[in-house]
Amino acid sequence: MAGRRLHPCGVRALLGALLVVEAVSGAGGLSTGAHGSPPFPALSLNQTPIEDCRAVCGLNASDRCDFIRTNPDCRSGGGYLDYLEGVFCHFPPALLPLAVTLYVFWLFYLFLILGVTAAKFFCPNLSAISTTLKLSHNVAGVTFLAFGNGAPDIFSALVAFSDPRTAGLALGALFGAGVLVTTVVAGGIAILHPFTAASRPFLRDIVFYMVAVFLTFTVLFRGRVTLAWALGYLGLYVFYVVTVILCTWIYRWQRRRSLASSVPGTPEVPSDAEEDRASSNTNSYDYGDEYRPLLHQETTAEILAHALNPLDLRKWRSKSTYWRALKVFKLPVEFLMLLTVPVVDPDRDDRNWKRPLNCLHLVISPLVLVLTLQSGVYGVYEIGGLLPVWAVVVIAGTALASVTFFATSNRKPPRLHWLFAFLGFLTSALWINAAATEVVNILRSLGVVFRLSNTVLGLTLLAWGNSIGDVFSDFTLARQGYPRMAFSACFGGIIFNILVGVGLGCLLQISRSHAEVKLEPDGLLAWVLAGALGLSLVFSLVAVPLQCFQLSKGYGFCLLLFYLSFLLVALLTEFGVIHLRGA
């Protein structure tokens, strides 16, 4: 989410990323291929009388299943599972709490899938693409790297904006995450390690973010997003990228001039922009290569076994019980991703070339692409009534894998090995999109069960789930003595999320439906959310310069108190305790 670590995953084929998003966010007509429900475009909502799906809980238990199956408002806009039908048709009323509990556990596991896929597979491949394209660190850091770091947020927003009924979920998540990161995360960093903030990057990022929030506030007031507004969001982000590059160039030029007139031998200090976007960790999935003998020549079978093993036993023995418990939950996800997603690592001598596994990827990765694209609709389509698309992909992939296997060796990566980074990028992007679609569908189902608005679900569960990685990584950085880097990430990353999340999500929906995107704010709550984010930014914009950019524990506690107050007001508004007069 906002500010996920900007590490050497420096990265990114923006054109490729946009094409992937265009393909994977297929919303309006996403078919729920797995459970056989017909596609349900948003435009068809006006053709039949529709009743709010949340009214199901007011019906008799015997009527709920029929209501869910016949009411268009209860149909999901994509994904593999119909969660509403599951909870109201396959679980008796007495077991409703059990169904909800299972959904919540599955929701948390989906967040885990999003985090593992983005950190260990999506981001490293973007880093390899960046290296291949020879992009500068500044350009990569504010474009493709930001996309890699914010992948779960961006894909969740794209999926949510694809349906007018869940657009509030996207706005709630983007705004809610913004409030969370700029208050809880930023405040926690100041509490853990008081420090002096980098003045120019801080002022630049917070001003741009305030402009983005103002644009979104205006969009909410208008109730619709036109093509011009969607392009305006993306144009503002391009302007932000250009500003970052120019600021960095100017700073370096001034630095060189000052060093030229100073005492020879004076060490050069990294620029603010460089320090802000410095690497904090590596996200390559290296599971124990450092423990293997250097002189032992592994056989093909051993290479495959080691490459598919996500568990390093020596590391396992040295870690805490908490780490082991979390690792147990991660193992199935990591194994599945290792099996289906190739990863290229430019920092290693062999660039992570695993001949048997990479050849297997040539069969499995394209198969995953066609089975996850629009929930598998294209994968099961039969060509000429003879062969399904997935079978053709397997045949073609097997032929290509056979040629690659016999034309390469175990020790030296082939000349075109860099192409695997693009294949891994596409595959991991579609995995993330598939998980994000399920997350949105579960949250909407929970909103129906508990009669909660999409906005409150977005600002709580979705925002918390997507931001949990930021909390841990930024707090760890602060404890290790890098609070300035962590604080900068709080504001830099969320600019990308809100501008590209709203702009690209609405742009793709407009291109599909050939109509402007309608937004239906959930009453007063949407304005409370937008106002809270604006107030938190104004508070930091005023308080930080007044402290001469010296961030103390008092500033951190004020931010935490602000978030708790905001959360209390939001929940009271959701449950009607706070409301407009006459409402």
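Colleague: How many salt bridges does a search of the whole structure find?

Modeller: Five, searching the whole structure. A salt bridge here is a side-chain nitrogen of Lys or Arg within 4 Å of a carboxyl oxygen of Asp or Glu. Keep in mind that this is a predicted model: local features need pLDDT of at least 70, side-chain atom pairs count only at pLDDT 80 or more, and totals for chains, interfaces and linings use all residues. Residues are numbered from 1 along each chain as its sequence is written, and side-chain values use heavy atoms, with hydrogens and water left out.

Colleague: Which residue does Glu85 form a salt bridge with?

Modeller: Arg69. The closest N and O atoms are 3.4 Å apart. Glu85 sits in helix α3 (residues 83–89) and Arg69 in helix α2 (residues 61–70), 16 residues apart. Helices are DSSP runs of H or I with at least four residues, strands are runs of E with at least two, and both are numbered from the N terminus.

Colleague: What about Glu516, which side chain does it meet?

Modeller: The side chain of Arg224, at 3.6 Å from N to O. That pair links distant parts of the chain, 292 residues apart. Glu516 is in the loop between α19 (483–513) and β5 (517–518), while Arg224 is in strand β2 (residues 224–225). Glu516 is partly exposed because its relative accessibility is 32%. Arg224 is partly exposed too, with a relative accessible area of 29%.

Colleague: How far apart are the closest N and O atoms of Glu334 and Lys327?

Modeller: 2.8 Å, in a salt bridge. Glu334 has a relative accessible area of 0%, so it is buried. Lys327 is buried as well, at 7%.

Colleague: At what angle do α4 and α14 cross?

Modeller: Roughly 55°, with the axes of α4 (residues 96–133) and α14 (residues 321–340) coming within 10 Å. Axes are lines fitted to C-alpha atoms, for helices over the stretch in contact, and angles run from 0 to 180 degrees between N-to-C directions. The two helices are therefore oblique to each other. Angles under 35 degrees count as roughly parallel, over 145 as roughly antiparallel, 65 to 115 as roughly perpendicular and the rest as oblique.

Colleague: Now α9 and α10. How do they run relative to each other?

Modeller: Their axes cross at roughly 175° and come within 11 Å, and the two are therefore roughly antiparallel. On the α9 side the contact includes Phe208, Val211 and Leu215, and on the α10 side Trp229, Tyr233 and Leu236. The contact residues divide into 13 nonpolar, four polar and four charged.

Colleague: Backbone next. Which way does phi go at Asn352?

Modeller: Positive, about 65°, although Asn352 is not a glycine. Asn352 is in the loop between α14 and α15. Its relative accessible area is 3%, so Asn352 is buried.

Colleague: And Cys548, buried or exposed?

Modeller: Exposed, because its relative accessible area is 57%. Cys548 also has a positive phi, about 55°. It lies in the loop between α20 (524–546) and β6 (550–551).

Colleague: Last one. How many helices and strands in the protein?

Modeller: There are 21 helices and six strands. Of the 583 residues, 53% count as buried.

Conventions
Contact means heavy atoms within 4.5 Å. Ala, Val, Leu, Ile, Met, Phe, Trp, Tyr, Cys and Pro count as nonpolar, Asp, Glu, Lys and Arg as charged, and the others, Gly among them, as polar. Buried means under 20% relative accessible area, exposed over 50%, partly exposed in between (1.4 Å probe, protein chains only).
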